[in-house]
Amino acid sequence: MDGLLQHHDDLIALAEKQEGGWFDGVLEDMLGIFPRSITRRILSSHEERKKTDDEYVQLYSKYRVDVLARLILTIVSVLLLAAPTAILFLVPEHGWFKIVLIMIFTLLFSAALSVFTKAKRHEMFAATAA
């Protein structure tokens, strides 16, 4: 009986994910595409690497996968906000084209928020307006 409580990984709690959206699930599914040696070294803690020697079982740190997802989303967000500025700087004076370009990138930023996160409508409006 004492041995049951010694292995904290054997106990689980059913709870809703804290953050996570559609993108987190896709990212976790895509981890199998990359070489195992790279993903295991980057996304698995030392404790998780010791748990299994099976080549078909890959254990990843939820924290590390979450950091990777946040990093990718940050890069996408910055690109969606900075790209129109760079393009507007390079485009000659066409007022209508600049307005359309700003509208397209604003739409893309809002769509990225909607798809990649679980942001509520008022949070999306606030982020897009900012």
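Analyst: Leucine 101 is buried, because its relative accessible area is 10%, and buried means under 20%. This is a predicted model. Leucine 101 sits in helix H5, which spans residues 95-116. Threonine 85 lies 16 residues from leucine 101 along the chain. The C-alpha atoms of leucine 101 and threonine 85 are 9.8 Å apart.

Leucine 108 belongs to helix H5 too. Leucine 108 has 40% relative accessibility, so it counts as partly exposed.

Helix H5 gives the largest share of the patch, with five residues.

Now the setting. The chain has six helices and zero strands. Along the sequence the pattern reads α-α-α-α-α-α. The chain has 130 residues, and buried residues make up 20% of them.

Helix H4 covers residues 62-90. Arginine 70 and aspartate 66 both lie in H4. They are four residues apart, about one turn of the helix. Side chains of opposite charge can pair when their charged atoms come close. Arginine 70 and aspartate 66 form a salt bridge, with the closest N and O atoms 3.1 Å apart. The salt-bridge count for the model comes to one. How exposed are the two partners? Arginine 70 has 45% relative accessibility, so it counts as partly exposed. Aspartate 66 is at 22%, so it also counts as partly exposed. The value for aspartate 66 is 22%, and buried would require under 20%.

Rolling a probe the size of a water molecule over the atoms shows where empty space is left. A search of the whole structure finds one cavity of 30 Å³ or more. The largest cavity has a volume of about 60 Å³. Its lining is made of Arg36, Thr39, Arg40, Ser44, Glu48, Arg49, Thr52, Val57, Gln58, Leu59 and Tyr60. Helix H2 (36-43) and helix H3 (46-51) are the elements that give two or more residues to this lining. H2 supplies the largest share, three residues. By type, the lining residues divide into three nonpolar, four polar and four charged.

Arginine 36 is one of the lining residues. Arginine 36 lies in helix H2. Its relative accessible area is 27%, so arginine 36 is partly exposed. Gln58 also lines the largest cavity. Arginine 36 and glutamine 58 are 22 residues apart along the chain. Their C-alpha atoms are separated by 8.2 Å.

Back to the part you asked about.

Methods:
Residues are numbered from 1 along each chain as its sequence is written. This is a predicted model: local features need pLDDT of at least 70, side-chain atom pairs count only at pLDDT 80 or more; totals for chains, interfaces and linings use all residues. Side-chain values use heavy atoms; hydrogens and water are left out. On a 1 Å grid over the protein atoms alone, a cavity is a set of points where a 1.4 Å probe fits but cannot get out, and a pocket is an open set with protein on both sides within 12 Å along at least five of seven lines; lining residues have an atom within 4 Å of a point. Grid points are joined across faces, edges and corners, and a volume is the space filled by probe spheres set on the points. Ala, Val, Leu, Ile, Met, Phe, Trp, Tyr, Cys and Pro count as nonpolar, Asp, Glu, Lys and Arg as charged, and the others, Gly among them, as polar. Buried means under 20% relative accessible area, exposed over 50%, partly exposed in between (1.4 Å probe, protein chains only). A salt bridge is a side-chain nitrogen of Lys or Arg within 4 Å of a carboxyl oxygen of Asp or Glu.
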